[in-house]
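Thanks for making time this morning; I would like to walk you through one structure, so please have a look at it before I go on.

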Amino acid sequence: MAMTGQSVSTGTSTWDRIKKWTPIFIIAPSIVASFVYVFVFAGWTFYISLSDSTLLPSYGFKGLENYISLWTNRRWSVAYTNLLYFSLFYVTISMAFGLLLAILIDQRIRAESFWRTIFLYPLAVSFIATGTVWQWLYNPSSGIQFLVNAMGWTDFQFALTSDRKNAIWAIIITGIWGSAGFSMALFLAGLRSVDPDIIKAAQIDGAGWFRTYRKVVLPTIGPIFIAVAVVLLQFAIKTFDLAVALTNSGPGISTTFPATYVYDFMFQRGEIGEGAAAAMMVLAALAIVLVPYSLYLVWRKRREANNG
Amino acid sequence: MADAVLTAAGVEDREAAIASRRRLISRIVIYGLLGLISIIYIVPFLVVFLNSFRTNEEIGQLGLISLPRSFRLDAWPTAWSDFCIGGQCDGVARYFWNSVAMVIPATIISTALGAINGYILSKWKFPGSEIVFGFMLLGVFMPGQIALLPWAFTLGQLGLANSVYGLILVHCIQGLSFTTLFFRNYYVSVPDDLLKAARIDGAGFWRIFWKIMIPLSPPIIIVTVIWQFTGIWNEYLFGVVLNSGSNQPITAALVALSMSGTSVRTYDVMSAAVLIGALPPLLVYFFGGKYFVRGLTQGAIK
């Protein structure tokens, strides 16, 4: 106990001892709940992924069969290919777009909070609501295509959600629309933390606006790039709501994601074992992103400590 | 001499003129870009908002994206209490109230627990408290998919299956990691000397919490409440998996609504329904925007 140092010695009555244990008693239920949630639940799902569960959980051991069946399923290869494709474009474009917005807003503009409010409001709305509305906009007979056709360009076609090959772009575009404000907020916080004297010095040296950013400002906020990328990758791996609201994994199975695969196998097809195996893969994907990131954070902290 | 001074001044003037013109151009570019991008952001909201007041026939003829030619309020009461979702024809009201009944207790409980946990983990450290904090942090990253089956089973055993109470429990435990993290990181910066002084005056665990920590906490309480409220209100996966039929939250109802689209889509009523579902977090955002953004950036960069 950090602060009990001087007072513990003053009394050893039962009452004092009880008081000493108060914090531990109070936090104990939370510890148990978190422990169960993090370890027992994950372990449970892991066990089910090794079991012969189908419609209901059952505990006959089946080894890695569910994983083999998962990795040989064409639908799963569609799911992880989609995830890789989605992650690549969603993360990079959201970051580029967010950085652009942050730089624009950082130019001492008028009514800054008004602009910020506009770009950030999608974050307050559920992906379900956002996805539903964008699904209407993508609908060729009433949304964007209809508008452009009505304006005179009658050959214009924009029917992402009914096009097997490009339906994923409907999810990418809407995802970017929903999250670019988030990367803007983080980048803006980073830009604001850059020492204004460095920027002034660069400008006195005759560096233009673009050069100042590229050579002076952006390198100093390198860690923010990594943080934004990690968070967006997490969002991408967990992509579920958007895919359900926009395309419901369709047309066909073309926009299946790992997270929708889990839901589908567990609750639509009664293949709980294979669904659990897919859920473990989602967890593994998150670990692949987050374990190196945490190591990097520890490394950076140490380096900062060493450099004084 | 006089000539030289004049030309120097002229050059300066010209340079100043070039600089100010360049500034003007860059301002035009900046505001132009911001304006264009904000159109992309505002249009979807405007479309839903305006279409909730147009007639469905008009939307059918002129498309979703057009200026309204009619104005009526019928879609709102229909969406609220008459519209059919999955065979039930009493609108989104029931689901809206489910979400309200879920989000209020879950937000209050998880925030209160987070405050106490954060207080203990920062000011009453015990052997192993760092490890405890470490695995509570892991909860932040757990994907919901991993917990679906265990939750379904646990809630069944507790007799909370398919009930709002079950979802409250899920969101309390699910949110515990986040709320503890928020409060712990906030309380770490409260100087220990302040607490030592209070202890010497005889204040104990609870007195210090109520008299010192809580009065210092309004900013972090607001951040946490907003974070939890919007997160729980907007959550879909647990709502659709763990509850069914008329016990589902509003997000699940919205999906059921847009899936059950028969031959003719009633965009007017669906627009009103989407807005009803999005309104509570939007209001929270507009009134607590600063704190919302703070939570966002803190939640992201631990």
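This is a predicted model: local features need pLDDT of at least 70, side-chain atom pairs count only at pLDDT 80 or more; totals for chains, interfaces and linings use all residues.

How far apart do the C-alpha centres of domain 1 of chain B and domain 2 of chain B lie? They lie 37 Å apart, where domain 1 covers 2-75 and domain 2 covers 81-300, with bounds that come from an automatic or database domain assignment.

Residues are numbered from 1 along each chain as its sequence is written, while chains are lettered from A and ligands numbered from 1 in the order in which they are written.

Ten residues of domain 1 of chain B are in contact with eight residues of domain 2 of chain B, contact being C-beta atoms, placed from the backbone, within 7 Å.

Now to helix H9 of chain B, residues 205-216, a helix here being a DSSP run (H or I, at least four residues) numbered from the N terminus. Its buried residues, meaning those with 20 or more other C-beta atoms within 10 Å of their own, are Ile208(B), Phe209(B) and Met213(B). They sit on the same side of H9(B) because they cover an arc of only 100° around the axis, taken from the directions from the helix axis to the C-beta atoms. These buried residues pack against helices H4, H7 and H8 of chain B, whereas the face turned away carries exposed residues (12 or fewer such atoms), among them Trp206(B) and Lys211(B).

Key. Helices (H or I, at least four residues) and strands (E, at least two) are DSSP runs, numbered from the N terminus. The expected span of a helix is 1.5 Å times one less than its number of residues. Two residues are in contact if their C-beta atoms, placed from the backbone, lie within 7 Å.
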